[in-house]
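Subject: Structure for you to look at

Hello,

Here is the structure I promised to pass on. Please open it alongside the notes that follow.

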Protein chains: 2
Amino acid sequence: MDRDASVGDLGEDGLVAAVLSRLPPMPASVLVGAGDDAAVLARLDGSVVVSTDTVVQGEDFDLAWSTGRDVGVKVSAQNLADLAAMGARPVALVVSLAAPAELPASWAGELTDGLADECARGGAALVGGDVSQAPVVVVTGTALGVLPAATPAVLRSGARVGDVVALAGAVGRSAAGLDLLRSGRRRDDPDPVLARLIEDHLGPRPPYPAGEAGARAGASAMIDTSDGLVRDARRLGEASGVLLDLDAVALAPSPDLAHAAERLGDADPGIWVLSGGEDHALLATFPPDTTPPEGFRVVGRVVPAGAEGGGGVLVDHLPAPADGGWRHFRHR
Amino acid sequence: MDRDASVGDLGEDGLVAAVLSRLPPMPASVLVGAGDDAAVLARLDGSVVVSTDTVVQGEDFDLAWSTGRDVGVKVSAQNLADLAAMGARPVALVVSLAAPAELPASWAGELTDGLADECARGGAALVGGDVSQAPVVVVTGTALGVLPAATPAVLRSGARVGDVVALAGAVGRSAAGLDLLRSGRRRDDPDPVLARLIEDHLGPRPPYPAGEAGARAGASAMIDTSDGLVRDARRLGEASGVLLDLDAVALAPSPDLAHAAERLGDADPGIWVLSGGEDHALLATFPPDTTPPEGFRVVGRVVPAGAEGGGGVLVDHLPAPADGGWRHFRHR
């Protein structure tokens with residue numbers, strides 16, 4: 001691909017051809033890959049799980065901080081994490097890119113590489129897509145997965161009083177990385193801990209296998225922490241009509257977060273853990289007679305909803321702050 | 001839903017709740033509908049077909065002309081038509097809405113209605129989605145379908161010399177409707193022919209069952225005319241390494257198109273037929289010993305590529321204009 005060309009220079013057909021040339025070989029289970037009206041996958045041996053998620057330039061990423069590859073990793077990660085949160089195994093991803101004509105074609109190529117690489121990490125194939133023109137870059141992924149036979153989907157609504165609350169993956173690292181970027185630090189920061197936190201913000205790497213492992217181990221409910229631990233725990237608690245009582249000691253900030261907060265001066269690493277979004281960790285509940293599988297650690301307990309009912313989230317037996325977590329349409 | 005509220009007033013969770021309340025009941029084959037991390041469909045009895053397509057405010061629709069319902073119909077139609085063009089039966093659609101905070105929440109509700117109605121017409125369920133903030137409205141649909149067992153996918157690349165070229169659905173009506181809108185006419189035009197053409201632009205209604213019927217009848221290649229008859233016929237011809245020789249008499253503009261061109265004065269209805277996009281008719285080729293099924297009419301013949309090879313499209317044995325049809329990134 002000509003590194004200096006824009007997507008407008010290539011035109012729609014040229015852009016599609018350039019992107020298709022970057023795709024890795026399709027696995028045999030992909031009967032028809034990208035380039036026709038639709039992709040075709042061999043019959044899936046189980047229920048089909050589907051999720052869609054969008055990132056928008058200026059809202060979810062900044063072209064000054066994120067490469068095309070970062071955005072590709074991010075789109076794949078947040079879509080595949082939604083599948084994992086149902087207990088499913090990722091199978092395929094399709095993507096739609098809407099972009100200004102001025103966007104460098106090389107950016108679109110890097111986006112494709114990031115999408116394909118993170119798909120490969122999650123066990124999925126990047127099988128198709130669509131390109132359109134828009135005033136800002138908008139990338140929508142849609143992921144397909146399969147639930148192994150005899151393993152029901154793990155919903156948000158299945159948590160029961162007495163269950164343990166467990167977490168797979170780190171929380172707070174993405175928010176710390178974002179605050180580091182905002183403070184002027186970059187991914188080439190000489191402090192390797194800070195550089196790693198910035199990388200974890202730019203390209204989250206969810207613990208996909210923990211989703212299927214959690215389902216097989218009998219998880220009663222599961223969600224991915226896309227909008228922040230407290231906000232997503234509240235969603236799970238409300239859907240289940242229970243309270244998730246999180247244990248602040250189990251959720252104490254890691255040394256990496258404490259180090260970053262110290263370097264920044266005015267940051268609270270506990271807020272990153274409780275309210276930071278985009279880590280795509282998996283928060284699950286397990287019946288008391290089951291053992292959370294490898295990768296999960298216990299971070300709380302399910303307790304009855306209060307007299308008013310409804311369900312939600314507590315931290316150390318006290319109501320969690322209401323506005324924790326990322327919200328679209330909050331900052332207009 | 002409060003008719004005066006904006007999506008920003010509702011906030012992300014409020015908007016999602018408002019949209020979910022508009023969805024029709026899910027069929028039994030949808031094990032988990034919208035509202036969890038992902039939707040879950042019962043095992044599909046055949047290969048799984050997936051396609052994604054995006055519409056952008058100002059590119060693909062104009063908020064002054066299109067209601068939310070129109071845009072919903074359009075997004076469903078163009079996605080489901082891609083499935084039909086593979087010979088598949090539509091099963092499900094997920095949708096992502098990115099929109100400014102100022103967008104009326106009622107528009108998002110109407111969008112949901114349009115998506116769900118056209119999905120129902122195509123036999124699919126609207127099973128999930130995602131909302132984000134963006135400077136303009138961007139709606140991405142992703143459709144899932146199933147190929148009946150023993151019916152292979154119909155690709156663009158299967159046309160062979162001697163096949164007949166056949167078309168299901170009308171072409172040129174969407175382009176005529178767009179030119180009528182640009183001339184200042186509206187959907188409430190007192191001339192019912194013009195009003196119907198405008199409706200066909202705002203909400204295309206593809207002939208979905210013809211896709212599966214064409215596949216069962218042995219179609220050798222198929223594509224939907226999303227970008228215009230000549231442009232999509234060229235894609236099919238190039239993918240197959242043949243020329244599609246279209247018959248201008250068989251493609252003569254209908255009386256409706258002739259009437260609209262006369263009213264507009266300076267329009268050429270033949271251009272609408274050959275180059276107008278967004279009708280989502282189905283263009284297929286059939287071996288000479290097969291009979292195109294009901295709904296298809298013969299509009300040409302497959303002939304050998306010229307000495308230079310490559311394939312493409314002719315009209316009455318002569319090369320078709322190279323720039324016919326809709327192209328993203330053309331008008332920057």
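Contact here means heavy atoms within 4.5 Å. Please keep in mind that this is a predicted model.

With that cut-off, B:Phe296 touches B:Ala166, B:Leu167, B:Ala168, B:Ala210, B:Gly214, B:Met222, B:Leu282, B:Ala284 and B:Phe286, leaving aside residues up to four places away in sequence. B:Phe296 belongs to the largest nonpolar core, which has 50 residues, and together with B:Val139 touches the most other members. Another core, of 49 residues, lies apart from it; A:Val49, A:Leu93, A:Leu97 and A:Tyr208 are among its members. In soluble globular proteins, nonpolar side chains tend to be buried together.

Six strands make up an open sheet with mixed pairing, in the order 5(A)-4(A)-6(A)-3(A)-2(B)-1(B). Strand 5 (125–133) of chain A and strand 1 (30–32) of chain B are at the edges; each has a single partner strand, so one side of each has no neighbour in the sheet. From one strand to the next, the twist averages 25°. Strand 4 (residues 89–99) of chain A runs parallel to strand 5 of chain A, and the two pair over eight bridges. In strand 5 of chain A, A:Gln133 is the residue opposite A:Ala99.

Last, how are chain A and chain B related?

Regards

Terms used:
Residues numbered from 1 in each chain as written. Chains lettered and ligands numbered in written order. Predicted model: local features only at pLDDT ≥ 70, side-chain atom pairs only at ≥ 80, totals over all residues. Heavy atoms only, no water. Pairing = 2+ DSSP bridges. Helix = DSSP H or I, 4+ residues; strand = E, 2+ residues; numbered from the N terminus. Axes fitted to C-alpha atoms, helices over the stretch in contact; angles between N-to-C directions. Core = buried A, V, L, I, M, F, W, Y, C linked by side-chain atoms within 4.5 Å. Buried < 20%, exposed > 50% of the residue type's maximum accessible area, 1.4 Å probe, protein only.
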